[in-house]
Amino acid sequence: MMPSNIVIRPKTVPANFITLTGYEMITGAMVGVMRHVQSITRGHKDGEFGGSWEEKRERNEKDTHWGADIEGALAEMAAGKFLKQYWSGSVGTFKDPDVGELQVRSTVYVEGHFIIREADSSEQFYVFVRGEAPTYEIVGWIQGKNAKLDKFFRPDKKDGDAWWVPADFITPF
C-alpha cells in the first residue's frame with residue numbers, strides 16, 4: 001500500500017499536444033500499413049520521396065517510407081482526438097478530408113514546416129501536426145490559398161515544387 005503522504009501528479013502536457021494510447025497507435029499504424037500496401041499494389045508514385053516503387057528498386061533504394069504512411073495516419077488520428085472529431089482511418093481516399101472537413105498535414109520534424117503542393121486545394125482548410133508516436137503537437141490550421149504565397153515557394157526537381165510554410169504563419173487553435 002502506498003503511503004498516504006505521497007501525491008502522484010500527472011505529467012503536464014501543453015494543451016495542444018495529444019498523446020495516443022497503445023491501442024490507438026495499433027489502429028493508426030494498421031491504417032498506415034494498409035495505405036502503403038495499396039500504394040505499392042496500385043503503382044502510385046511516392047511523390048514526396050522521389051519516384052515510383054519500381055524506380056526506387058532500380059536505384060537500389062531500400063527505404064520505401066513505410067514510416068511516413070504510419071506516422072501520417074497517426075497524426076490524423078491525433079488531430080481527430082484533439083478536435084473531438086471522428087477519424088475514419090479511410091484507405092484510398094487521397095483527396096477527401098481526413099478529419100471532419102479538414103485535411104491533415106504532418107511532419108516528424110520538431111521544427112518542420114507545413115508543406116502544400118500545386119495539386120492541393122487552395123480552398124481547403126488544413127490542420128498542421130508535428131511529432132511522432134505517441135505524442136503529437138497540433139500546431140494549428142491554415143487555408144490552402146494562404147499557404148500558397150510566393151515567399152513560401154520552393155522549387156524542387158526531385159520531390160516536386162511546393163510551398164513550405166513555417167509554423168509561425170499557422171493559426172493556432
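How many salt bridges are there by the rule used here, a side-chain nitrogen of Lys or Arg within 4 Å of a carboxyl oxygen of Asp or Glu? The count comes to five.

## Model and confidence

This is a predicted model, in which local features need pLDDT of at least 70 and side-chain atom pairs count only at pLDDT 80 or more, while totals for chains, interfaces and linings use all residues. Residues are numbered from 1 along each chain as its sequence is written, and side-chain values use heavy atoms, with hydrogens and water left out.

The pLDDT, which is the predictor's confidence in each residue from 0 to 100, averages 85 over the protein chain, and 81% of the residues score at least 70. Helix α2 (residues 53–58) has the lowest confidence, with a mean of 54. The highest is found in helix α4 (residues 144–147), at 98.

## Overall layout

The protein chain holds four helices and seven strands. Helices (H or I, at least four residues) and strands (E, at least two) are DSSP runs, numbered from the N terminus. In that direction the order of elements is β-α-α-α-β-β-β-β-α-β-β.

Of the 173 residues in the protein chain, 36% are buried. Buried stands for under 20% relative accessible area, exposed for over 50%, and partly exposed for values in between (1.4 Å probe, protein chains only). The accessible surface of the chain is about 10,800 Å², and carbon and sulfur atoms account for 57% of that area. Accessible areas come from the Shrake-Rupley method with a 1.4 Å probe; for residues, only the protein chains shown count as cover.

A contact means heavy atoms within 4.5 Å. Among contacts between residues at least 6 apart in sequence, 56% join residues at least 24 apart.

## Strand pairing

Two strands pair if DSSP finds at least two bridges between them. Strand β5 (residues 135–143) has seven of its nine residues buried, so it is largely enclosed by the rest of the structure.

An open sheet of three strands has the order β3-β7-β6, with antiparallel pairing. Its edges are β3 (114–116) and β6 (153–154), each with a single partner strand, so one side of each has no neighbour in the sheet. Two bridges join β6 to strand β7 (residues 162–165), and Arg154 is partnered with Ala162 in β7.

## Salt bridges

Glu24 and Lys81 meet through their side chains in a salt bridge (2.9 Å, N to O). Glu24 is in helix α1 (residues 22–41) and Lys81 in helix α3 (residues 66–83), so the pair ties together parts that are 57 residues apart in sequence. Glu24 is partly exposed at 22% relative accessibility, and Lys81 is partly exposed at 34%. Arg35 forms a salt bridge with Glu76, with the closest N and O atoms 2.9 Å apart. Since Arg35 lies in helix α1 and Glu76 in helix α3, this pair ties together parts that are 41 residues apart in sequence. Arg35 is buried, at 16%, and Glu76 is buried, at 7%.

The side chains of Lys95 and Asp120 form a salt bridge at 3.3 Å, N to O. Lys95 lies in the loop between α3 and β2 and Asp120 in the loop between β3 and β4, so the pair ties together parts that are 25 residues apart in sequence. Lys95 is exposed, with a relative accessible area of 56%, whereas Asp120 is buried at 9%. Salt bridges that share partners join Lys95, Arg105 and Asp120 into one network.

## Two buried residues

Gln103 lies in strand β2 (residues 103–107) and is buried, at 7% relative accessibility. A polar atom of its side chain lies 3.0 Å from the backbone oxygen of Asp96. Not counting residues up to four places away in sequence, Gln103 touches residues including Phe94, Lys95, Gln124 and Tyr126.

Ala167 lies in the segment after β7 and is buried, with a relative accessible area of 19%. Beyond its neighbours within four places in sequence, Ala167 is in contact with Phe128, Arg130 and Val139. The C-alpha atoms of Ala167 and Glu111 are separated by 7.9 Å, with the two residues 56 apart along the chain.

How values were computed:
Polar contact = N/O pair within 3.5 Å; in protein donor to acceptor, adjacent residues only side chain to side chain.
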